[in-house]
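Colleague: I am new to this structure. Could you take me through it in short steps?

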Amino acid sequence: MSFLTLRERLSPNFDARPAGEPIDMIVLHYTGMQTGAAALDRLCDPAARVSSHYVVEEDGTVWRLVPEAARAWHAGVSYWRGRRELNANSVGIEIVNPGHEWGYRDFPVMQLAAVCDLCLEILSRHPIPARNVVAHSDIAPTRKQDPGEKFDWEGLARNGVGIWPDAPDRGTRGALREAAPLHPVRAALGALGYEVAPEGAMDAALATVLRAFQRHFRPDSVSGEADEGTLSRLEALLRLVV
Ligand SMILES: [Zn+2]
């Protein structure tokens, strides 16, 4: 049973999905604007040429802007698991929050609950693998930080949306290594789905992808460094998906 309050405000900013393209991803964003009303206006402004399928307000109200069957314009230049231009096959959800630029703040419980319910409904309609519920920062790490490290990915996963590394942070690296030998960090990030620069590229590029990984899976330490806790979580996630 869903407690979603769904309201409609149709955006003109969409077109047709490519024929035969399955809907098999959910991309979560924050709006990154000072108010939810300003974000709604922009996402419905034909001149802005951006949109999402849904917007979730801080009080949990959900706006539907674009039908799921159509392609909304939220992901931009993007990559996940070998594919690009992910507007074609994803459902985009904008979560109201001022973001890092305007005063990044905690997501209220009512808002998180609405995001969770909305995702569960979307998952019931489309064959979306758990590992394909991603952040905008996962699919565009050099450009985007949203929805960021304050978003409760762990809580979402506990309610059946997305994946989360279950293994404890410390003390089990040896056992983990035996069960799943540690991939080199680049290969591990690539196996999860991230676009990783080849060996020999700038270390800064790898650090950028590591920060995206940490915003999603190690939000207490967004350092860009492959520290012990980050490696443990990478290993635990690989065991879930590889
Ligand atoms: Zn975004």
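Colleague: By about how much of helix H8 are phenylalanine 213 and phenylalanine 217 separated?
Modeller: A word first: this is a predicted model. Phenylalanine 213 and phenylalanine 217 are both in helix H8 and lie 4 residues apart, so the separation is about one helical turn.

Colleague: Is phenylalanine 217 buried or exposed?
Modeller: Buried means under 20% relative accessible area. Phenylalanine 217 has 4% relative accessibility, so it counts as buried. Phenylalanine 213 has a relative accessible area of 0%. For phenylalanine 217, then, the word is buried.

Colleague: What kind of aromatic pair do tyrosine 194 and phenylalanine 213 form?
Modeller: A pair of aromatic rings is described by the distance of the centres and the angle of the planes. For tyrosine 194 and phenylalanine 213 the centres are 6.3 Å apart. Planes over 60 degrees apart count as edge-to-face. The planes here stand at 65 degrees, so the pair is edge-to-face.

Colleague: How many residues apart in sequence are the parts tied together by tyrosine 194 and phenylalanine 213?
Modeller: Tyrosine 194 sits in the loop between helix H7 (185–192) and helix H8 (203–217). Phenylalanine 213 belongs to helix H8, so the pair ties together parts whose separation in sequence is 19 residues.

Colleague: Which residues do ring pairs link into a cluster?
Modeller: The whole structure holds 8 aromatic pairs. Ring pairs build a cluster from Tyr30, Tyr104, Phe107, Phe151 and Trp153.

Colleague: Is histidine 29 buried or exposed?
Modeller: Histidine 29 lies in strand E3. Its side chain makes polar contacts with the side chains of histidine 136, at 3.0 Å, and aspartate 146, at 3.3 Å. The relative accessibility of histidine 29 is 1%, so it counts as buried.

Colleague: How far apart are the end C-alpha atoms of helix H3?
Modeller: Helix H3 (residues 109–125) has 17 residues. At 1.5 Å a residue it should span 24 Å. The model agrees with that, because the end C-alpha atoms of H3 are 25 Å apart.

Colleague: What do the buried residues of H3 pack against?
Modeller: The buried residues of H3 include Leu112, Val115, Leu118 and Ile122. The buried residues of H3 pack against strand E3 (25–30), strand E4 (54–56), strand E5 (62–64), strand E9 (90–95) and H5.

How values were computed
Residues numbered from 1 in each chain as written. Predicted model: local features only at pLDDT ≥ 70, side-chain atom pairs only at ≥ 80, totals over all residues. Heavy atoms only, no water. Helix = DSSP H or I, 4+ residues; strand = E, 2+ residues; numbered from the N terminus. Expected span 1.5 Å × (residues − 1). Buried < 20%, exposed > 50% of the residue type's maximum accessible area, 1.4 Å probe, protein only. Contact = heavy atoms within 4.5 Å. Polar contact = N/O pair within 3.5 Å; in protein donor to acceptor, adjacent residues only side chain to side chain. Phe/Tyr/Trp six-rings, centres within 6.5 Å; stacked < 30°, edge-to-face > 60°.
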